[in-house]
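Here's a quick briefing to read with the structure open beside you. Take the topics in any order you like.

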Amino acid sequence: MTFPIESLAGDRRSLGLALAVVLGVAFGFVLERAGLGRVRKLVGQFYGYDMTVLRVLFSAIVTAMAGAVILSGLGVLDLAFVQARYPTYLWPMIVGGIVLGAGFVLSGYCPGTCVVAASTGKLDALATVGGLALGGLAYAELEAALGAFPASGAQGAFTLSQWLGLPAPVVGAAVALLALGAFLAAGRIERLVAGRGDPARGAEPASAPAGADVALSR
Amino acid sequence: MTEDGKFWNPYVAGVALGLVVLATYVTMGHGVGAASASFRVGVAAVNAVAPEHVQGVPALASTVGTRGALDSWIVFEVLGMVLGGALGAWSAGRLGREVARGPTFPAARRVALAIAGGVLMGFAARLARGCTSGQALSGGALMSVGAWAFMLSIFVGGYGAAWFVRRQWR
């Protein structure tokens with residue numbers, strides 16, 4: 001049997017939607033347990049005192065990527081089918097990324113972690129969820145005015161393997177090495193910021209020894 | 001005080017998260033997501049109040065489609081996220097209502113920034129066809145060039161804006 005199965009096709013739809021709930025429960029649970037329902041842990045990434053976001057994100061990418069490449073190599077997963085769902089539109093993705101990054105720092109959450117934080121009782125996160133809906137609606141209203149920009153830089157399902165002319169397992173190994181380098185750099189940055197005093201925390205616990213946050217986050 | 005100690009090791013959490021994404025690829029044919037669900041709830045609300053307006057805006061009309069805005073896999077997935085997040089916090093004893101902010105920053109201004117950030121992200125996620133989980137994580141692990149460009153741009157935007165809003169954590 002080759003995966004993916006079309007879980008939402010035809011009369012399997014209700015089962016597929018039930019599976020979506022189960023996957024969502026796992027997704028939300030893991031994010032919460034990682035500490036990513038906590039705004040201080042999330043923004044710590046951008047002030048350098050807690051790089052949990054980078055650690056979780058990159059180890060998740062390497063895991064899912066390795067799994068997808070291995071399952072595809074075994075002939076179990078049709079990787080190209082899944083990749084076809086992720087076409088590249090270079091310019092709107094770059095601009096969208098910059099705007100989303102700014103929104104991340106303003107709100108302190110990203111579109112998934114605000115849902116998790118709201119579910120744990122954070123009212124500011126609930127406000128961000130509301131903002132997400134408003135922003136999405138604003139985009140829908142303004143889309144026509146953006147003209148051809150949202151479809152610019154269209155390259156279809158363009159992968160790093162195609163771009164670099166290297167087989168997927170080689171690219172996968174390179175990304176894993178890159179992640180490892182980022183993990184090492186993250187620890188250094190945290191120690192540097194802890195030693196200097198945290199610019200985002202200012203007046204906060206003066207009594208806490210330098211590096212206490214870093215030690216606790218491990 | 002040792003609440004932080006109750007969080008999982010970030011690498012362990014990352015591997016678990018990666019396995020959730022992989023399971024989603026295998027069973028759904030695509031990765032996880034988040035931002036579209038909030039958008040769809042918004043569209044459903046507008047559709048309840050002004051259905052004729054929705055029919056006049058292509059991006060809204062196509063979201064409603066024939067099934068309605070809420071009958072979509074991502075709405076169910078995010079419903080699961082709410083349950084999973086609450087379960088994680090409850091079982092670790094850290095459920096609690098608050099406006100997360102710095103000790104000297106007014107709650108009203110913090111909520112205003114939270115909404116503003118949400119609006120920016122809601123707009124950007126439609127433009128980029130996905131958010132941190134829907135594009136950067138799910139597309140990044142599939143080695144999409146666009147997803148990687150998006151992810152790096154998020155860090156550029158985040159580090160670029162961080163200095164201007166640092167006060168809300170003081």
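B:Met143 sits in the loop that links α7 to α8 (145-162) of chain B. This is a predicted model, so keep that in mind while you click through, since where pLDDT is low, the predicted coordinates should not be read in detail. Back to B:Met143: its phi is near 65 degrees, a positive value in a residue other than glycine. And is B:Met143 buried or exposed? With 26 other C-beta atoms within 10 Å, B:Met143 is buried, because the cut-off for that label is 20 or more.

- B:Arg129 is another non-glycine residue with positive phi, this one near 60 degrees.
- You'll find B:Arg129 in the loop between α6 (107-127) and α7 of chain B.
- B:Arg129 has 22 C-beta neighbours inside 10 Å, so B:Arg129 counts as buried.
- B:Gly102 belongs to the loop between α5 (73-91) and α6 of chain B.
- With 18 other C-beta atoms within 10 Å, B:Gly102 is partly exposed.
- Which residues does B:Gly102 touch once its neighbours within four places in sequence are left aside? The contacts are B:Gln168, B:Trp169 and B:Arg170.
- The C-alpha atoms of B:Gly102 and B:Trp169 are separated by 3.8 Å, although the two residues are 67 residues apart along the chain.

**Confidence**

- Chain A has a mean pLDDT of 90, with 89% of its residues at 70 or more.
- The stretch to watch is residues 202-218 of chain A, where the pLDDT is below 50. Beyond near neighbours in sequence, that stretch has 19 contacts in the model.

**Chain A at a glance**

- Chain A has 10 helices and two strands.
- Read from the N terminus, the order of elements in chain A is α-α-α-α-β-α-α-α-β-α-α-α.
- Chain A has 218 residues, and 51% of them count as buried.
- Take the contacts in chain A between residues at least 6 apart in sequence: 63% of them join residues at least 24 apart.

**Chain B at a glance**

- The C-alpha trace of chain B spans about 50 × 40 × 35 Å along its principal axes.
- Of its 170 residues, 58% count as buried.
- For contacts in chain B between residues at least 6 apart in sequence, the share joining residues at least 24 apart is 54%.

**Where the chains meet**

- The contact involves 115 residues from chain A and 111 residues from chain B.
- Which element gives the largest share of the chain A side? Helix α1 (residues 13-34) of chain A does, with 18 residues.
- By class, the side of chain A that touches chain B holds 72 nonpolar, 32 polar and 11 charged residues.
- The largest nonpolar core has 120 residues, and B:Val21 and B:Met121 touch the most other members.
- Leaving aside neighbours within four places in sequence, B:Met121 has contacts in both chains, including A:Leu100, A:Phe104, A:Cys110, A:Pro111 and A:Leu132, as well as B:Ala35 and B:Cys131.

**Helix pairs to look at**

- Helix α3 (residues 52-73) of chain A and helix α7 (residues 132-141) of chain B have axes that come within 7 Å and cross at roughly 40 degrees.
- On the α3(A) side, A:Leu57, A:Ala60, A:Ile61, A:Ala64, A:Met65 and A:Ala68 meet B:Leu137, B:Gly140 and B:Ala141 of α7(B). This contact divides into eight nonpolar residues, one polar and no charged.
- Within chain A, helix α2 (residues 39-47) packs on α3(A) at an angle of about 95 degrees, with the axes 7 Å apart. That makes α2(A) roughly perpendicular to α3(A).
- A:Lys41, A:Leu42, A:Gly44 and A:Gln45 of α2(A) make this contact with A:Thr52, A:Val53 and A:Leu54 of α3(A). The class breakdown here is three nonpolar, three polar and one charged.

Technical notes: Residues numbered from 1 in each chain as written. Chains lettered and ligands numbered in written order. Predicted model: local features only at pLDDT ≥ 70, side-chain atom pairs only at ≥ 80, totals over all residues. pLDDT = per-residue confidence, 0-100. Contact = placed C-beta atoms within 7 Å. Buried ≥ 20, exposed ≤ 12 C-beta atoms within 10 Å, placed from the backbone. Helix = DSSP H or I, 4+ residues; strand = E, 2+ residues; numbered from the N terminus. Nonpolar A, V, L, I, M, F, W, Y, C, P; charged D, E, K, R; others polar. Core = buried A, V, L, I, M, F, W, Y, C linked by C-beta atoms within 7 Å. Axes fitted to C-alpha atoms, helices over the stretch in contact; angles between N-to-C directions. Parallel < 35°, antiparallel > 145°, perpendicular 65-115°, else oblique.
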